[in-house]
Amino acid sequence: MPFGEVVCGAPGSGKSTYCYGKYQLFTALNRPVAVVNLDPANDNIPYPCAVDISSLITLENVMETHGLGPNGGMLYCMEYLEANFDWLEERLKELGSDIYVLFDLPGQVELSTNHDSIKHIMDKLTKSGYRLAAVHLCDAHYITDASKYISVLLLSLRAMLHLELPHINVLSKVDLLSQYGELGGWGQFNLDFYTEVQDLSYLENSLNASLPPKYAALNMAMISLVEDYSLVGFETLAVEDKNSMMHLMHAIDRANGYVFVPPPDAPAPPGTIDESDAPPSHRPNMMGLFSTAAGPLRDPGSDVRDIQERWVDYKDIYDAHEKKEWRKEGEMLRDAAARNNASKIRERKPKQ
């Protein structure tokens, strides 16, 4: 059965934009991909949609029919989808077994933190053979404030415990961090403090300064809760940057197990049983090296210090350099096209 990811996160965290970017990346890499929209209120879908929940139910119709508000209507839609899971299952079967599926969830955070319908739907998909990972997007600007950062940590932890899937937390829109000026603690902490969720007690002074003294004990209790579980960490994402998207793709491929499965046309040692037609989750990996697949990621986006340098410390310098390189590449392509056209014109001229 196929591999895939469940894209969740608060409204405005960039879920649909990420799905569109992932669709473009996989298309360029010739990896089969399909995007499934599970948001019945999303009427402005930027990506080609393989399966759309609006074919089954829409939030607007639910609100009109049952007199519900937006939040209650959304919960009704998810419960309706759970009750009609066979509709989703049939449409996913039409996509084939080698397709990589992106499930674009609604932005209501309660769907991935405490409501059971999405969890039950993903459990059914997992039991039917899907290898899924949850990708939880959080807007990177929340790290500019200590209290918002703790809130994001608690939200991410709750989603991890509720969905019970291999989980990747992502600080999205990291390329916009420099627009927020001096970030909360940039003078004291680098970006790796926030992505690796290091000793959070260093945030105590910032938390106590922003809230009345009576909340001091609560602040430390929340910090201890996150640290005691020791589960939350973050990758970074700049959706328009190829290196950032490639690094996140590698991290997710390891989380859902895709990296351990060879493609259908991968060569196998002589004498092995030919199972190239088997579904990807059942195809034996005869040629993979476990140490290569499970070792540290070593790509341009793997070092968070490079991410901070690119998008925070020296963003203007890097942007200017990239524009210069793009201009140079464009000129080379135009020159090559001009030479190609000139050669074709010479070939079409009759010989004297």
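This is a predicted model: local features need pLDDT of at least 70, side-chain atom pairs count only at pLDDT 80 or more; totals for chains, interfaces and linings use all residues.
The structure contains 10 salt bridges. Side chains of opposite charge can pair when their charged atoms come close.

| Salt bridge | Distance between N and O |
|---|---|
| Lys119 and Glu164 | 2.8 Å |
| Asp139 and Lys173 | 3.4 Å |
| Arg310 and Glu322 | 3.3 Å |

The salt bridge between Lys119 and Glu164 links distant parts of the chain, 45 residues apart: Lys119 belongs to helix α6 (residues 116–127), and Glu164 to the loop between α7 (146–163) and β6 (167–172). Lys119 counts as buried because its relative accessibility is 14%, whereas Glu164, at 59%, counts as exposed.

In the salt bridge of Asp139 with Lys173, Asp139 is part of strand β5 (residues 131–139) and Lys173 is part of the loop between β6 and α8 (191–195), so the pair ties together parts 34 residues apart in sequence. Asp139 is buried, with a relative accessible area of 11%; Lys173 is partly exposed, at 29%.

Arg310 forms a salt bridge with Glu322. This pair links helix α13 (residues 304–313), which holds Arg310, to helix α14 (residues 315–348), which holds Glu322. Salt bridges with shared partners join Arg310, Lys315, Asp319 and Glu322 into one network. Within it, Arg310 is buried, with a relative accessible area of 9%, and Glu322 is partly exposed, at 23%.

Apart from these charged pairs, Leu161, Leu225, Tyr229 and Leu231 make a nonpolar surface patch of about 340 Å². Tyr229 lies in helix α10 (residues 216–229) and counts as partly exposed because its relative accessibility is 41%.

Terms used:
Residues are numbered from 1 along each chain as its sequence is written. Side-chain values use heavy atoms; hydrogens and water are left out. Patches are made of residues with over 30% relative accessible area and no salt bridge: like charges are joined within 9 Å, nonpolar side chains (Val, Leu, Ile, Met, Phe, Trp, Tyr) within 5 Å. Accessible areas come from the Shrake-Rupley method with a 1.4 Å probe; for residues, only the protein chains shown count as cover. A salt bridge is a side-chain nitrogen of Lys or Arg within 4 Å of a carboxyl oxygen of Asp or Glu. Helices (H or I, at least four residues) and strands (E, at least two) are DSSP runs, numbered from the N terminus. Buried means under 20% relative accessible area, exposed over 50%, partly exposed in between (1.4 Å probe, protein chains only).
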